[in-house]
Amino acid sequence: MKNKIKAYNNILELIGNTPLVKLNRVTKGFTGNFYAKVEAFNPGHSAKDRIAIHIIEEAERKGILTEGSTIIETTSGNTGFSIAMASIIKGYDCILAVSSKSSKDKIDILRSMGAKVYVCPAHVSADDPRSYYEVAKRLHKETKGSIYINQYFNQLNIEAHYKSTGPEIWDQTGGQITHLVACSGTGGTISGTARFLKEQNPNIKVIGVDAFGSALKKYHETGKLDEKEIYPYRIEGLGKNLIPGATDFNIIDEYIKVTDSESAHTAREVSRTEGMFVGYTSGAAMQALKQLNERKEFDVNSNVVVIFPDHGSRYMSKIYSDQWMEDQGFMETNAVTETQEIQYVK
Ligand SMILES: Cc1ncc(COP(=O)(O)O)c(C=O)c1O
């Protein structure tokens, strides 16, 4: 008898079931136990694969999407990649409206995956006709037989994480998780994951990570969108200049804000200390963990799960470029880097 061939039917079957990895060095001196949910292990290298496949397959089940249909979305890059990947396998056209703040790497990758990409100005209000929200809405109206994923307001975004990320973390921690720390952009990851986890144990503390320049933390505290909170910042995918309907603010216990600079340095630190090449928002989430540890949020029995949303390769021309770091004022100009030192010694 021949041995069975052990192969996946296509790349989409690899979505989800990402590993939980203990953090050992970047948490040195911290009180508690810390674990990263490494979402870069998804085939599209981010947590967004989960929502893309869930929303697309729900639309297929309802008969809204049929072969040859067009999928439209606003995306800082990761959701776009996931939709483009799924569109290739399932035979859809993919149109993406992205913010000009997105890294060139991300935009090039989307085009490489066959998506049609519209780059829209980042620093305009959400209701400006040039914003990526308005451009996507217009394209949806103009393109016959298209669907608009609308991740910021789609409840299926929350449901995707409720059905996958939440149960995975509960299972991987053997139900011993005490804290969840996760970035909040659309809010789908934190809301869906937390909703599942709190149903299992309402005492689990849920902490959202927000950016300076974003309105989320203040909205959580006051119920009001304060325009004064909003100003340009560098981290992509974290925080928002509007209040996303895909965020369940009631399930989040508190928000913590992190700076562009500290988040960038902390992402680099995670890469160099843990050997995990993580993206900018993973640095933001880890930075939040540092701030929480400093204020003595955790004790020896704490089992803290932090979600690392994507992979560092998408930020080569940003946080992993010394030049970019210098240009932002995040690093001293002419700082001698380790690489330069090695070249000098040679
Ligand atoms: C890199 C990155 N990290 C974190 C997030 C936040 O995840 P969510 O939208 O589920 O809140 C996003 C969302 O766009 C992202 O692209």
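This is a predicted model: local features need pLDDT of at least 70, side-chain atom pairs count only at pLDDT 80 or more; totals for chains, interfaces and linings use all residues.
I started with Y8, which counts as exposed because its relative accessibility is 56%, and the cut-off for exposed is over 50%. I placed Y8 in the segment before strand 1 (20–22).

Buried or exposed? T18 is buried, at a relative accessible area of 1%. I checked what touches T18, skipping neighbours within four places in sequence. The contacts are K37, V38, E39, F41, N42, R50, E168 and Q172.

On to helix 3, residues 104–112. I found D105, K106, I107 and L110 buried there. Their cover includes helix 2 (78–90), strand 4 (93–99) and strand 5 (116–120). I also noted G114, which follows helix 3 and has a positive phi, near 85°.

Last stop was the pairing of helix 9 (residues 260–274) with helix 10 (residues 280–294). I read off an angle of about 100° and axes 7 Å apart. That angle makes helix 9 roughly perpendicular to helix 10, since 65 to 115 degrees counts as such. Which residues make the contact? From helix 9 I listed D260, E262, S263, A264, T266, A267, E269 and V270. From helix 10 I listed Y280, G283, A284, M286, Q287, K290 and Q291.

Key
Residues are numbered from 1 along each chain as its sequence is written. Side-chain values use heavy atoms; hydrogens and water are left out. Helices (H or I, at least four residues) and strands (E, at least two) are DSSP runs, numbered from the N terminus. Buried means under 20% relative accessible area, exposed over 50%, partly exposed in between (1.4 Å probe, protein chains only). Axes are lines fitted to C-alpha atoms, for helices over the stretch in contact, and angles run from 0 to 180 degrees between N-to-C directions. Angles under 35 degrees count as roughly parallel, over 145 as roughly antiparallel, 65 to 115 as roughly perpendicular and the rest as oblique. Contact means heavy atoms within 4.5 Å.
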